[in-house]
Amino acid sequence: MPKASQQGLKVLLRHSRIRQRVRQLARQIERDYKGQPLHLICILKGACIFLADLLRELKLPVSVDFIAVSSYGKGSLPSGEVRITKDLDQSIEGLNVIIVEDILDTGLTLNYLYRILQSRKPKTLKIAALLDKPARRIKEVPVDYIGFKIPDAFVVGYGLDYGERYRNLPDVCVVPTVEA
Ligand code: IMP
């Protein structure tokens with residue numbers, strides 16, 4: 001695959017830096033849960049790489065499930081609508097749950113999902129987001145673990161896409177021509 005710079009992208013976070021931060025988050029989660037079993041819920045598709053890396057770092061009994069929501073269309077524009085397009089496979093009642101998300105932008109998606117999942121009676125419910133764009137927030141969300149706060153720019157790579165492209169870039173990069 002051509003380098004990010006050859007595709008007109010600007011590297012914001014190198015993979016080595018992301019890996020180091022994911023390790024730190026894993027240590028923090030281990031301290032908080034003290035050996036208790038943990039259930040990670042990955043929001044498809046963008047969080048899949050973050051989940052895979054976080055999961056392998058955690059020295060705790062961990063199970064995983066996946067949920068998909070529609071929040072954005074094919075490009076970068078929000079549709080304004082949030083709905084579940086693929087629900088969880090198993091009940092979360094009584095479990096220690098962490099929602100794993102790629103990026104917190106307006107907060108609409110996580111605000112909605114948090115309320116839905118809370119109503120399913122988990123023992124505890126927390127949120128881990130790799131990236132946070134605080135400048136764009138419309139709805140407040142209780143995020144417990146944040147990888148990086150980033151500026152108001154549209155980013156791709158490390159699972160994040162623009163029209164389904166760039167998910168396989170190891171670094172998080174800014175797409176200069178796209179408005180956030
Ligand atoms: P929110 O509901 O506005 O917080 O949006 C969350 C979702 O929008 C994320 O899970 C991403 O799928 C998508 N998103 C927001 N900002 C970006 C971005 O900069 N690049 C790629 N996807 C984004």
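**A walk from a buried strand to the ligand**

Let's start inside, with strand 2, which covers residues 38–44: 6 of its 7 residues are buried, so the strand is largely enclosed by the rest of the structure. Buried here means under 20% relative accessible area. Keep in mind as you look around that this is a predicted model.

Who sits beside strand 2? One partner is strand 5, and the two pair in the parallel sense over 4 bridges. To find the pairing on screen, look for I41, which stands opposite I99 in strand 5. A handy bit of background while you are there: in a regular strand, side chains alternate between the two faces of the sheet.

Now for the greasy part. The largest nonpolar core has 31 residues, and I29, F50, L54, I98 and L131 are the ones with the most contacts inside it. Several elements each supply at least two residues of this core, among them strand 2, strand 5, helix 2 (48–57) and strand 6 (124–132). Which helix gives the most to the core? That would be helix 1, with 6 residues.

Strand 5 leads us on to the ligand. It provides the largest share of the shell around the ligand, 4 residues. Strand 3 (62–72) and helix 3 (108–118) each supply at least two residues of that shell as well. By class, the shell is made of 8 nonpolar, 4 polar and 5 charged residues. There are 17 residues around the ligand, and those that come nearest are T106, G107, T109, K133 and V155.

Zoom in on three of these. A polar side-chain atom of T109 lies 2.5 Å from an oxygen atom of the ligand. With G107, a polar backbone atom is 2.8 Å from an oxygen atom of the ligand. V155 also uses a polar backbone atom, this time 2.6 Å from a nitrogen atom of the ligand. How much of the ligand does the protein bury? Taken alone, the ligand exposes 490 Å², and the protein buries 92% of that.

Strand 8 and strand 9 (residues 172–174) pair in the antiparallel sense over 2 bridges. They belong to an open sheet of 3 strands, in the order 1-9-8, with antiparallel pairing. Strand 1 (10–13) and strand 8 (155–156) stand at the edges with a single partner strand each, so one side of each has no neighbour in the sheet.

Definitions and conventions
Residues are numbered from 1 along each chain as its sequence is written. This is a predicted model: local features need pLDDT of at least 70, side-chain atom pairs count only at pLDDT 80 or more; totals for chains, interfaces and linings use all residues. Side-chain values use heavy atoms; hydrogens and water are left out. A residue is near a molecule or strand if one of its heavy atoms lies within 4 Å of it. A polar contact is a pair of N or O atoms within 3.5 Å; within protein, one must be able to donate a hydrogen and the other to accept it, and residues adjacent in sequence count only if both atoms are side-chain atoms. Accessible areas come from the Shrake-Rupley method with a 1.4 Å probe; for residues, only the protein chains shown count as cover. Ala, Val, Leu, Ile, Met, Phe, Trp, Tyr, Cys and Pro count as nonpolar, Asp, Glu, Lys and Arg as charged, and the others, Gly among them, as polar. Two strands pair if DSSP finds at least two bridges between them. Buried means under 20% relative accessible area, exposed over 50%, partly exposed in between (1.4 Å probe, protein chains only). A nonpolar core is a set of buried Ala, Val, Leu, Ile, Met, Phe, Trp, Tyr and Cys residues joined through side-chain atoms within 4.5 Å.
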